[in-house]
Amino acid sequence: MNYSVKKIGQILNATTQIDSKIVTGVSFDSRKVKSGDLFVALVAENDGHDYVQQALTKGATAVLVDDRHQIDSKIPAIIVSDTLLAFQQLGEYRRHQINPKVVAITGSNGKTTTKDMTSAIMGSQYKTFKTPENFNNEIGVPLTLLTMPDDTEVLVVELGMDRPGQLTTLSELVSPDIAIITMIGEAHIEFFKTRENIAKAKLEITKGLKSQGTLLIPYDEPLLTNAQVKQNVQTFGQNIKDINSSSSKTIFTYQNTRFAIPLLGRYNIMNALAAISAGILLHIELKNAAEALQHFDLTKNRTEQLTTSHGVNLISDVYNSNPTAVAAVLATLKIIPATHKYVVLGDMLELGEQAASLHACLAETVINANVDGVYLVGPLMNKYLYPILQRRFDSAHLHQYETDQLAELIKDLQTLGENGDVILLKASHGIHLENVVNALVK
């Protein structure tokens, strides 16, 4: 990024002042501003205009502000009516200026893992940039567009969603060549009420998909395979052979090519096949895709495999959770070879009026996982799942904690298990089981 204030004003059709300054980066957090940045004064819970001076002190070259706030005439500035909208428009301009091939990914689960896999595969043959961390909303997506290098050939961008219409905006912003929907689960069902409504909202990713673009969807999801989509549609997930899992990787054959991914679970095979399918569309050789997936960069806390100080294996999947995701990861735990297995389950959030039934329905899944101990965290798990599990587990093997009792949970887990045993931790991010994971691997 290397725009003058004047150029940004022209892009946004905005008023500027002291417009000879050159902007080389962008930030909306005054604490993270670097020299040369454009500070974007977003108006949310905190008003970014209150931090303009702090951003300038940190080295901001200029500021993007709205016309409802007064700004000193001596400050290099672009003045617009809506800073978020202008931020998005600037990102959209850069997307088309650099003009990479864009792979956009959404879904109830697996977005970030699929993003990481897709980026690794594309990076085997192209200069590739991906969404940092989980910057997948109205602010994170334009930030991704504005921070991608000038020589980017493939952009892999994650698109999140928690309300109708959101994916339409994000998809139109990035104008993808390839769109992937990883799966339809119960995430955000509090707002959407049914999986059918969630599927409809996920399909908004096609709103910005180019007319000659391709939508990739799982072959076994009728809510997607029966949908009417104008663009080309391909399915992924079929014709997998020779699946074999160990404690550290999953091996499978696809199109006569042997793949080994450093993740567990059939759901991660599906994520890999989505990424491989996108690679095939951009002419990635399967041998290159297989090599890329052996050791790819995985975003933290997505089915991450770690080890405690006394040799117990941790499976950390504590960024989000819903019944479909819990069932998938428990099915994986069941087939892992280990003498003893334990599961820590935290509340699944944003399930709305279905929270009671969806937590209770986990009982059979937990029982069938054949675990040696269950540790429940949060009011929902304790109220709806614990009473059912009491019929199967005695007090020595079934434990419950409130969300403010993570220190007690950590203490109990630190002495749990022996070398080679497995502890799985799964919860919505709001339960903050990542703090437990961090304490166990110190």
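Reader: Is Phe 87 buried or exposed?

Author: This is a predicted model. In it, Phe 87 is buried, at a relative accessible area of 0%.

Reader: Which ring does Phe 87 pair with?

Author: Phe 87 pairs with Phe 28, edge-to-face, with 6.5 Å centre to centre and 65 degrees between the planes. Phe 28 is partly exposed, its relative accessible area being 35%.

Reader: Where do Phe 28 and Phe 87 sit in the chain?

Author: Phe 28 is in the loop between β4 (25-27) and β5 (37-40), and Phe 87 is in helix α3.

Reader: How many aromatic pairs in the whole structure?

Author: Four. One of them is Phe 252 with Phe 259, whose planes are at 10 degrees and whose centres are 5.4 Å apart, so that pair is stacked. Phe 252 is buried at 0% relative accessibility, and Phe 259 is buried at 0% relative accessible area.

Reader: Switching to helices. At what angle do α1 and α3 pack?

Author: About 100 degrees, with the axes 10 Å apart. Angles from 65 to 115 degrees count as roughly perpendicular, so α1 and α3 are roughly perpendicular to each other.

Reader: Which residues make the contact?

Author: Lys 7, Ile 8, Ile 11 and Leu 12 from α1, and Ala 86, Gln 89, Leu 90 and Tyr 93 from α3. They divide into six nonpolar, one polar and one charged.

Reader: Which residues of α1 are buried?

Author: Val 5, Ile 8, Gly 9 and Leu 12. Down the axis of α1 they fall within an arc of 105 degrees, so they line one face of the helix.

Reader: And what follows α1?

Author: Asn 13, with a positive phi near 55 degrees.

Notes: Residues are numbered from 1 along each chain as its sequence is written. This is a predicted model: local features need pLDDT of at least 70, side-chain atom pairs count only at pLDDT 80 or more; totals for chains, interfaces and linings use all residues. Side-chain values use heavy atoms; hydrogens and water are left out. Buried means under 20% relative accessible area, exposed over 50%, partly exposed in between (1.4 Å probe, protein chains only). Helices (H or I, at least four residues) and strands (E, at least two) are DSSP runs, numbered from the N terminus. The arc is that of the directions from the helix axis to the C-beta atoms. Axes are lines fitted to C-alpha atoms, for helices over the stretch in contact, and angles run from 0 to 180 degrees between N-to-C directions. Angles under 35 degrees count as roughly parallel, over 145 as roughly antiparallel, 65 to 115 as roughly perpendicular and the rest as oblique. Contact means heavy atoms within 4.5 Å. Ala, Val, Leu, Ile, Met, Phe, Trp, Tyr, Cys and Pro count as nonpolar, Asp, Glu, Lys and Arg as charged, and the others, Gly among them, as polar. Rings of Phe, Tyr and Trp (its six-membered ring) pair if their centres lie within 6.5 Å; planes under 30 degrees apart count as stacked, over 60 as edge-to-face and the rest as tilted.
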